[in-house]
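Dear colleague,

Please find below the sequence and structure that I am handing over to you. My notes on what was found follow directly after them.

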Amino acid sequence: MWRYIKRVLIGKPLKTLDEGQIHLTKFKALAMLSSDAISSVAYGPEQITTVLVTLSALAMWYSIPIAAIVLLLLLAITLSYQQIIHAYPSGGGAYVVATRNWGSNGGLFAGGSLLVDYMLTVAVSTTSGVEAITSAIPALYRFSVPIAIIIVLLIMFMNLRGMSESANFLTVPVYFFVIMITVMILWGAYNIATGQVHYQAPADYGTPVTGMTFVLFVRAFSAGSSSLTGVEAVSNAVPNFNKPKEKNASVTLAIMSTILAIFFIAIIFYGFYFGIVPDKRTTVLSQIGLAVFGGHGVGFYLLQLSTAMILAVAANTGFSAFPILAFNMAKDKYMPHAFMDRGDRLGYSNGIIALAVGAIILILIFHGQTNMLIPLYAVGVFVPFTLSQSGMIIHWFREREGFWPGKAFINFIGALISLALVIALFWQHFGNVWPYLIIMPLLLYMFHAIHRHYIKVAKQLRVAEKTKVQLHDYDGATVIVLVGNVTRVTRGAINYARSIGDYVIAMHVSFDENPGKEHKTANEFKAEFPDVRFVDIHSSYRSIAKPTLRFVDVIAKRAAARNYSTTVLVPQFIPKHPWQLALHNQTSVRLRTVLNSRQNIVVASYNYHLHE
């Protein structure tokens, strides 16, 4: 049943050789990798106005110069990541750049930030999508968290089906949103030009506003910078493009940034022109749609539908980038090697599932409130931006390829603005971003602990080329068979023990509850196997593991004195159906776990399979 359900949800397994057939065209890549960046226009501009309106509605005109600075940063980041695509075409983005140029700790800092950020990408995108849904259907507002979790699970299963299928699915919501925002911009421009809608800004552009300070300006700018999240996704996924990979990835990044820039400045302008003020239950984009399309008509609902769809699937950028980043870090022995495993559909399934679980936890912790997630989300983006772009400066000074001073200057501008944003976020949004100061040290400690473990394991398992391997030669074998009751399983285990052992001991643990039963078990065993030594260990505390361990230690010590090996044979029966395992106690599992802690003892299982 489970295999059938898995095939329905995920699909049939793909051959490893099929991997060459799932590379992305620019059309599919734009849908798969730009959904996070493009969809950020649904909440990024609103973050700017949300900060400004705390002063007064008159301050709304400041959103336009703030937007201009955001677009300047977007240009610097885009040019920088295009350089990264050509300099490091193997993918990995900020993690690889920082590792190569700042060393392992710099890479781990960038990688750890991005791992958390991709979880936040999924959480922010889904909660924003739910906000778009509840703006159109207010009755669903109280179900926001369950809806967000369902969306995360749906996208997880979509990605488990493979990159090609998820790209096919994403083309619809991404291009639907691009079309609807384009229609909204053009229709709004037509309405303004024909006088069908009127200028409603609370204050004209450039009007002095009492109380406006540099601090508030910086706070609004740092909040609006969340619109630049997701730009780095293309540089992470260069290996997934059709050939020529670098060229196609670079063109895709340029198209994505152009669309993002046009949509961002248009939404900022319309918000100012129509005098729109943020509302907790109705997004700024929804209010612009109402103004442009003249109320709750077809255009408005199509806009809301497209917004909800792209925000829901914008989480896919995280699902595309997180597994690849986790793979690169696992390859460098800083993440568990399970993240290097390919699933049935050639995707890194463990990374996909881990990302979904992390995002759901974040949604539950922050109760699905996008505003609480975005500052931490932005920090997770701009720390790697700063490390990667400053790392590229080191790269150009080392390689000195082409017009490298100009390239280094572009990276310097990007690094400088990114660093300023990180400082501004901690300065102005510390109440939301302080968890970063706890999460990152913990992640760095975990990465180094994992790395130390793999290094130690490799050192202990490595066979030196010039060193002869010394194997211990035993004179015989002692086999201890653990016996619960005298059954067919016991008979099979004893017969097998006789075939491999020179000395066989059956060990049974008895309890106080039913002494008559324990004597019966001993008598039955002796009658069935008179030539096998039977040892009954009494336990007054209903524990099987501790008495077994003490007995095995004694026998192993005696066996070692005779130069005998010691094997503990754990008999168990296997039900016909896997689900039936839950109906039986797991004593054999507990015993093997305890016995595995002992050196120089072989722990083996004797499996008796039931047929009914």
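In what follows, a residue is called buried when its relative accessible area is under 20%, exposed when it is over 50%, and partly exposed in between, with a 1.4 Å probe and protein chains only. Please note that this is a predicted model, in which local features need pLDDT of at least 70 and side-chain atom pairs count only at pLDDT 80 or more, while totals for chains, interfaces and linings use all residues. Residues are numbered from 1 along each chain as its sequence is written, and side-chain values use heavy atoms, with hydrogens and water left out.

Overall form

Of the 612 residues of the protein, 53% are buried by that criterion. The C-alpha trace spans about 105 × 60 × 50 Å along its principal axes. The radius of gyration is 32 Å, whereas a compact globule of 612 residues would have one near 25 Å; the radius is taken over C-alpha atoms, and the globule rule is 2.2 Å times the number of residues to the power 0.38.

The domain assignment gives domain 1 (1-11 + 22-455) and domain 2 (476-609); such bounds come from an automatic or database domain assignment. The C-alpha centres of domain 1 and domain 2 lie 58 Å apart.

The secondary structure comprises 23 helices and five strands. These are DSSP runs numbered from the N terminus, helices being H or I with at least four residues and strands being E with at least two.

The sheet and its helices

In which order do the five strands of the open sheet lie? The order is E3-E2-E1-E4-E5, with parallel pairing; two strands pair if DSSP finds at least two bridges between them. Strand E3 (533-538) and strand E5 (602-609) are the edge strands, each pairing on one side only. From one strand to the next the twist averages 30°. Strand E2 (residues 503-510) pairs with E3 in the parallel sense over six bridges, and Met 507 has Val 535 in E3 as its bridge partner.

Helix H22 (residues 545-561) packs on the sheet, where it touches strand E1 (476-482), E2, E3 and strand E4 (564-574). Contact means heavy atoms within 4.5 Å. The direction of H22 makes about 145° with that of E4; axes are lines fitted to C-alpha atoms, for helices over the stretch in contact, and angles run from 0 to 180 degrees between N-to-C directions. Helix H23 (residues 587-595) lies across E1, E4 and E5 and runs at about 160° to E4.

In the loop between H22 and E4 is Asn 563, which has a positive phi of about 60° although it is not a glycine.

Individual residues elsewhere

Thr 49 is found in helix H4 (residues 44-52). With a relative accessible area of 7%, Thr 49 is buried. Leaving aside residues up to four places away in sequence, Thr 49 touches Met 60, Ser 63, Pro 278 and Val 284.

A cis peptide bond, with omega about -5°, joins Lys 243 and Pro 244. Pro 244 lies in the loop between helix H11 (233-236) and helix H12 (245-273).

Lys 333 is placed in the loop between helix H14 (298-331) and helix H15 (349-365). Its phi is near 70°, a positive value in a residue other than glycine. Lys 333 is partly exposed, because its relative accessible area is 29%.

Yours sincerely
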